Amino acid sequence: MTSGLARLTDELGILYGGDYNPEQWDPSVWREDVALMREAGVNLVTVGVFSWSHLEPRPGEYRFDWMDQVLDLLLDAGIAVDLATPVASPPPWLGHLHPESLPTMADGTVLSYGSRNQFCPSSDAYRAAAVGIAEQVVARYASHPAVRMWHAGNEYGQVCFCDRCAERFRDWLRARYGTLDALNAAWATVVWSQEYGDWAEILPPRVAPYHRNPSQELDFRRFGSDLLLDLYREQRAVVRRHDPARPVTTNLMGFFGGIDPHHWRADLDVIADDAYPDPASPDAAADAALVNHLARGLADGGPWLRMEQAASAVSWREHNLTKSPARLRTEVLQALAHGCDGALFFQWRQARSGPERFHSAMLPVAGADTAVHEGVRRLGAELRALRGLVGAPVHRRVALLWDWTSWWAATQVALPTARLDPLATLQAWHRELWRLGVVVDVVPADRDNVALDGYDLLLAPAQYVLDDDAAARLDAYVAGGGHLVWGPFGGVADGSSHLHVGRSPALLRHVLGVSAEEWVPLPDGGSSVVWTDTGLGDRPGTATVLGERTRSDGAAVLATYDDGPLAGCVTVAHHAYGAGRAWYVGADLTGPGGALTTVLRAALDGAGVPLGGQVPGVETVWRGATLVAVNHTGHPATLDLPAALAAGPDVVRAAAGLTDALTGSRYRPADTLPLAPHDVVVLGAG
């Protein structure tokens, strides 16, 4: 999967650049662009993402002269091109001539053209036009030496509920279930008198008088992801007819609910992700790290590409804070520490018109003599100095389990509470791990092609859906010596969103040594949690949102509810199973008292996982034999270097000296490491 990226980075080093939209500017600007790109160290730009109407102003009328000039200019400057098939934003003529190509919302509203992404993924007219323009672009430029990668579409995520999508949904369901009897059973349509007698009766989950069938909704989410994957595959097939070698990819969007990237990963030659951390969030650095860990997990632990990020402010939040060049540097080098081998931006030159005119860029509308652009140039020089990190693996011994089916199912309506957000739970657990200096992978529990036995500790903060195969894998993992931490409201349902029968979690209660009979929303303010094992502390914790009426079936009880509707019930327990150990966390413990931190520390210690530097706001990551220390705060910090080195490879711990690849400064392994505000130090032996 990552070989396509490796071919580029072996030649170019760390990739650096961004979206380039020359069609928005007079040709007289292009030469200035290319000259400034060279000075900034740019070696890869994405061209043509939103250029369809400029390439095909009328159906079948093509205008490539401008693109020819742009690619030749970039080639002469030694700048590689990630060339897009420009199908994300159809021209107005498509919606005007083929109104059936426009998308329909769940309430029947047909969306108009005049923006972007205005297409129905099932529309034959859209698909034919998209393949047509892709064929023209790829056939013309497949042999152009500037083109080094293909960018199919952009940020796939369109949803449509029209009659054409209904037809395709039925086809998808026939392939999945075979017969109506099987579908009726999987959807439990006997509930509310919804049994289907004809495939034609089945519709997408449109607006209805009351709650819709959760099994139908879950399958429509799966179908929507697969439908968009089919569009991507059509674009990829066009490329492969003309270019069998160069990598093809598209840009994912982190924890975006519209597609399941684990279903897409096999079709992506490069895992490429867009990320826009919010400078206003106090948890931005930790949450950005989580997105990076997801990207690396999708790349099977190998290198990946940051396809889009902002040089300063975005333009689509209600209040768009800027970020300093120093903060931008920490974000880019943080991603590099997490296995990213390329830092691309939206976009190269800031637009002066259109909806994204206030979105920052590598080259602001104020010009090159700006703090943003000067920071971009300095960053480009530093990335060239860090070429030795390319391809190096990231050291991690812990994995967070996360899959889209669980996320989709756990955010449906008519649950015990709408307040237990699975993504927020995942982020909360990860933030605690991040503060403890623990680097993780994010991997799915429901894919048998993801090896779990390479991890010392697995954490499942929000594994609402659990099927027999995933349960068997987790059983074997713990029995074989692994350590598992199981979170609240987990293992509740199967892949059809049907509840498992019996005490919960029905498929894993023998592993956890506990079982629950009821899911209990907790009162506002939560319930107190007291430790029955004083070795974990004597400070009460707080359980919030949702708990479970749980008993021990052999597990050692570590904490119980002290008040509220679950007083006396198990909150935290651990259980020896086979050669391993399982931990049960029955509620949201992120409230006052630090109970979640206590549990995670104990689980990490039990699994033999060392903690990192643990200086507030300072992140330490091992990539290969290199320690990257990032101070995400606006104040100076001091890192205990021996503590940080304890989690690294033996070759570094045994080194007589360490050298910062960015400054050349040398340190002894016993030193403390001073970090300026928003500073990054990259230490290797020598």
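## Close-up views of a predicted model

**View 1. Strand β12 and its two parallel neighbours.** Strand β12 and strand β13 (residues 483-486) are paired in the parallel sense over four bridges, where strands are DSSP runs of E with at least two residues, helices are runs of H or I with at least four residues, and both are numbered from the N terminus; two strands count as paired if DSSP finds at least two bridges between them. Within this pairing, Leu459 stands opposite Val485 of β13. Strand β10 (residues 398-401) also pairs with β12 in the parallel sense, over three bridges, and here the bridge partner of Leu400 is Leu459. Both faces of β12 (residues 457-460) are covered, with Leu457 and Leu459 buried on one side and Leu458 and Ala460 buried on the other; buried means under 20% relative accessible area, exposed means over 50%, and partly exposed lies in between, with a 1.4 Å probe and protein chains only. This is a predicted model, in which local features need pLDDT of at least 70 and side-chain atom pairs count only at pLDDT 80 or more, while totals for chains, interfaces and linings use all residues. Residues are numbered from 1 along each chain as its sequence is written, and side-chain values use heavy atoms, with hydrogens and water left out.

**View 2. The open sheet of nine strands.** Nine strands form an open sheet with parallel pairing, in the order β5-β4-β3-β2-β1-β9-β8-β7-β6. The edge strands are β5 (248-249) and β6 (251-252), each of which pairs on one side only. Within the sheet, strand β7 (residues 272-274) and strand β8 (residues 304-308) pair in the parallel sense over three bridges, and Asp274 stands opposite Glu308 in β8.

View 3. The 15 residues of helix α11 (residues 284-298) should span 21 Å at 1.5 Å a residue, and the end C-alpha atoms are 21 Å apart, which agrees; the expected span is 1.5 Å times one less than the number of residues in the helix. Helix α11 is mostly covered, as 15 of its 15 residues are buried, and the helix is followed by Asp300, whose phi is positive, near 55°. In helix α13, the buried residues include Val372, His373, Val376, Leu379 and Leu383. What covers the buried residues of α13 includes β1 (15-20), α2 (27-40), α12 (325-337) and β9 (340-345), where contact means heavy atoms within 4.5 Å.

View 4. Not counting residues up to four places away in sequence, Leu74 touches Tyr20, Val34, Met37, Val45, Val47, Ile79 and Val81.

**View 5. Aromatic rings.** Rings of Phe, Tyr and Trp (its six-membered ring) pair if their centres lie within 6.5 Å, with planes under 30 degrees apart counted as stacked, over 60 as edge-to-face and the rest as tilted, and by this rule the count comes to 26 aromatic pairs. Trp192 and Tyr210 form a stacked pair, at 5.8 Å centre to centre and 25° between the planes. Both Trp192 and Tyr210 lie in the loop between α8 (180-187) and α9 (214-242), so the pair ties together parts that are 18 residues apart in sequence. Trp192 is exposed, and Tyr210 is exposed as well. Elsewhere, ring pairs link Phe161, Phe169, Trp172, Trp187, Tyr196, Phe220 and Phe223 into a cluster.

View 6. The bridge partner of Val529 is Gly541 in β16 and Tyr561 in β18. Thr571, placed in strand β19 (residues 570-577), counts as buried at 0% relative accessibility. Leaving aside neighbours within four places in sequence, Thr571 is in contact with residues including Val529, Tyr561, Tyr584 and Leu589.
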